[in-house]
Amino acid sequence: MTRRTSRMTPRGTAATGSSHLRRLAAALVALALVAAPSAAIAAGSNADTIDPAASPGVPADPVYPVTFIDDEGTAVTIAARPQRIVSLSPAITETVFALGAGDRLVGGTDYDDYPAEALALPDVATFSGVLLEPLVAQSPDLVIAAGNGFTPADDIARMRDLGLTVVVFYAETHDEVLTAIRRIGTAIGEVPAAYALSARIAADLERVAAAVATTTGRPRTFYEIGSEPELYGPATGSFLADLIAMAGGDPIVTGDPAVYSIPEEQLLAADPEVIVVGDAIWGACPADVAARPGWDVTAAVRDGAIRPIDDRSEEHTSELQSR
């Protein structure tokens, strides 16, 4: 599995699915992942005790203490504006930086890779779970964990047993990702920035959806999150699947909302018309994808519709697609 794969631990005919539509699908995914990093991001289907959305316009930062009902149904009180924040997923790390609070992060994961400043954070979590002693040594006043098993439940319980303030969030759909950004903003005291960011992303997504609203045909689209040790793509109902549909594609999904791996036979049987190489930044390239044994049966390989994309940079995405 590539390092970025875990962050997802990420609906025509070939004749009418034009190359423009296919490039637009890739661009939409790139845009959304830059601004709303991944499904492991903190989420918010449950309302905060203090509901910023109930206020007209953009609300001010909250008056602490603030009580959250997190996505596990746990009431968590944040006593004061956090000054020492630990993030337990790359998506959360990126969001905190995007909200202008990166200087208050004191711990992250060993697979945080964006922005560049995140690489210098002390590692307090790995793919296997939380590194409890290094985390406690950072004396965090807020730990933001990821739900759906991304942060192991036993680790969450141990942190809370030690008296740490831990809030657990998880987003699945793109709407929940936008809500998640606002909830993170409330938790860390960056509400105006969070509302501004979520509004900008929503406007961008609406603009792309409008651009493809009158197109006909929805090319079957597979977004490759990773290819080692197995293939990884959008889970059923995930925000990546949402975005592909919004961009005019028919997303090829794993078939399980909790699973991001997809058997090769299942993918080939789905016959993708477009393959978006989301792990291009880690070395995957269209030529390598096209050369995989048996993949020449797919419409995407036959038509050369394999689009590399760096989910961290729209500019780099354009560069990759021009190669």
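Buried means under 20% relative accessible area, exposed over 50%, and partly exposed in between, for a 1.4 Å probe and protein chains only. The model is predicted: local features need pLDDT of at least 70, side-chain atom pairs count only at pLDDT 80 or more, and totals for chains, interfaces and linings use all residues. Residues are numbered from 1 along each chain as its sequence is written, and side-chain values use heavy atoms, with hydrogens and water left out.

**Salt bridges**

A salt bridge here is a side-chain nitrogen of Lys or Arg within 4 Å of a carboxyl oxygen of Asp or Glu. The count is 8. Three of these pairs are tabulated below.

| Pair | N to O distance |
|---|---|
| Arginine 104 and glutamate 190 | 2.9 Å |
| Aspartate 155 and arginine 158 | 2.4 Å |
| Aspartate 271 and arginine 220 | 3.1 Å |

Helices (H or I, at least four residues) and strands (E, at least two) are DSSP runs, numbered from the N terminus.

Arginine 104 and glutamate 190 form a salt bridge. The pair links distant parts of the chain, 86 residues apart. Arginine 104 sits in the loop between helix H2 (90-98) and strand E4 (105-109). Glutamate 190 sits in the loop between helix H5 (174-188) and helix H6 (191-211). Arginine 104 is buried at 6% relative accessibility. Glutamate 190 is buried too, at 16%. Arg81 joins Arg104 and Glu190 in a network of salt bridges.

Aspartate 155 and arginine 158 both lie in helix H4 (residues 153-161), 3 residues apart, about one turn of the helix. Aspartate 155 is buried at 8%, whereas arginine 158 is partly exposed at 41%.

Aspartate 271 bridges to arginine 220. This pair also links distant parts of the chain, 51 residues apart: aspartate 271 is in the loop between H8 and strand E11 (274-277), and arginine 220 is in strand E9. Arginine 220 counts as partly exposed, with 25% relative accessibility.

**The sheet**

Two strands pair if DSSP finds at least two bridges between them. An open sheet of 4 strands runs E10-E9-E11-E12, with parallel pairing. E10 and strand E12 (306-308) are the edge strands, each pairing on one side only. Strand E9 (residues 220-224) pairs with E10 over 2 bridges. Threonine 221 has proline 251 of E10 as its bridge partner.

**Threonine 254**

Threonine 254 lies in the loop between strand E10 (250-251) and helix H8 (264-270). Its relative accessible area is 9%, so threonine 254 is buried. A polar atom of its side chain lies 2.6 Å from the backbone oxygen of valine 259. Contact means heavy atoms within 4.5 Å. Leaving aside residues up to four places away in sequence, threonine 254 touches residues including Gly233, Thr236, Tyr260 and Gln266.

How values were computed: A polar contact is a pair of N or O atoms within 3.5 Å; within protein, one must be able to donate a hydrogen and the other to accept it, and residues adjacent in sequence count only if both atoms are side-chain atoms.
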